[in-house]
Amino acid sequence: TVARFITGMGYGATIINGISLIVEKTTHSNRTAGFGYWSAGYAAAFICATAIGGVIAERLGFRAGMFVSMFFSFCFGLFVFFFVKSPKIKKALSEKMEKVKLSLKDFLFIFKNKSLLAALLFASVPVQIAFIGIFQYSFPLFMSDMGVTPSNIGRILTIYAVISLLTPYIGKMADKSQNERKYIIIGNLITGLGLIVFLFTQELTALIFVIMAIGVGGMFVDATEESYITSSEEAESMGEAKLLSIYTTYEKIVAIMVPLIAGMMINALGYSKSIVFMGFFILIGVGMFTLLSRNMRQMKTSKVKENE
């Protein structure tokens, strides 16, 4: 547990700093595409890591898999040390966010914007449920109970990552349309409808179809969510990187709770009913997000034109 906690700290720090780096290197016109490439890079690594990790765990044991993971983490550290120049990052970030520490007021600030609150509760939470609660937690256990070997579980899960490689193209489309909200709605709608397939069948083919639905839906949301957040007025007033760090913190708090909730649901309802229940919950979230959110980029552009 302690080792997992330390790993989580490193992962969290990497996510926050990676988001800040993307904000620094992109503008409003290409930020969605930038986050799309970020997600595609994650997906490419996931394809390799999941398949290789499953084979290593099955043939050499979990200890060997951990050592291989540690080696790649060390290589990543060397890359950051030699290629990511901290003075430039600090200079850019100082222009994009206030030079103050985060306070409780900052964490409550985003709740003033109804669209941001809707994105957090009804767009981000469903994604966490689908990816962490179902894809990362429920599906491996479900496949293991079906008798699928660890290596084949890894191969099946890579379907998600293969689909996610198309994320940059969704990002470019969203940049052209200037309507990230629409893509978030479409993504979660696909995910929710895909999960309901388990209402009719629980075969392995249905599971693969659901993984594809989560991959397509997640691709739409991953490509556009951060850009949608940075289109808000709060991003201008408190700094884009700072707002994203607060928003991501809320997401990770939810990510901690999701496996616990999923575990209790599985114990009470079983795998198939739990997955269907989560699907209906995601569809309810789609409806709430559609009702409460607004296209903040379009509102921002209209406001700029009015001021001119």
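This is a short tour of the structure, stop by stop, with something to select at each one.

**Before you start.** The model is predicted: local features need pLDDT of at least 70, side-chain atom pairs count only at pLDDT 80 or more, and totals for chains, interfaces and linings use all residues. Residues are numbered from 1 along each chain as its sequence is written, and side-chain values use heavy atoms, with hydrogens and water left out.

**Stop 1: the whole chain.** Show the protein chain as a cartoon, and you will find 14 helices and zero strands. Helices (H or I, at least four residues) and strands (E, at least two) are DSSP runs, numbered from the N terminus. Of the 308 residues, 46% count as buried; buried means under 20% relative accessible area, exposed over 50%, and partly exposed in between (1.4 Å probe, protein chains only). Among contacts (heavy atoms within 4.5 Å) between residues at least 6 apart in sequence, 83% join residues at least 24 apart.

**Stop 2: aromatic rings.** Now display the aromatic side chains; five aromatic pairs turn up in the whole structure. Select Phe71 and Phe72: their ring centres are 5.7 Å apart and their planes stand at 70°, so this pair is edge-to-face. Rings of Phe, Tyr and Trp (its six-membered ring) pair if their centres lie within 6.5 Å; planes under 30 degrees apart count as stacked, over 60 as edge-to-face and the rest as tilted. Phe72 is exposed, with a relative accessible area of 54%. Next pick Phe139, Phe142 and Phe198, which ring pairs link into a cluster.

**Stop 3: Ala206.** Is Ala206 buried or exposed? Its relative accessible area is 5%, so Ala206 is buried. Ala206 lies in helix α10, residues 204–230. Leaving aside neighbours within four places in sequence, Ala206 is in contact with Val197, Phe198 and Thr201.

**Stop 4: the cavity.** Finally, select Pro126, Val127, Ala130, Phe131, Tyr160, Asn188, Thr191, Ile214, Gly217, Gly218 and Val221, which line the largest cavity. Elements giving two or more residues to this lining are α6 (114–145), α9 (180–195) and α10. On a 1 Å grid over the protein atoms alone, a cavity is a set of points where a 1.4 Å probe fits but cannot get out, and lining residues have an atom within 4 Å of a point. The largest cavity has a volume of about 60 Å³, the volume being the space filled by probe spheres set on the points, which are joined across faces, edges and corners.

Conventions
1 Å grid on protein atoms, 1.4 Å probe; cavity = no way out; pocket = protein on both sides within 12 Å on 5 of 7 lines; lining within 4 Å.
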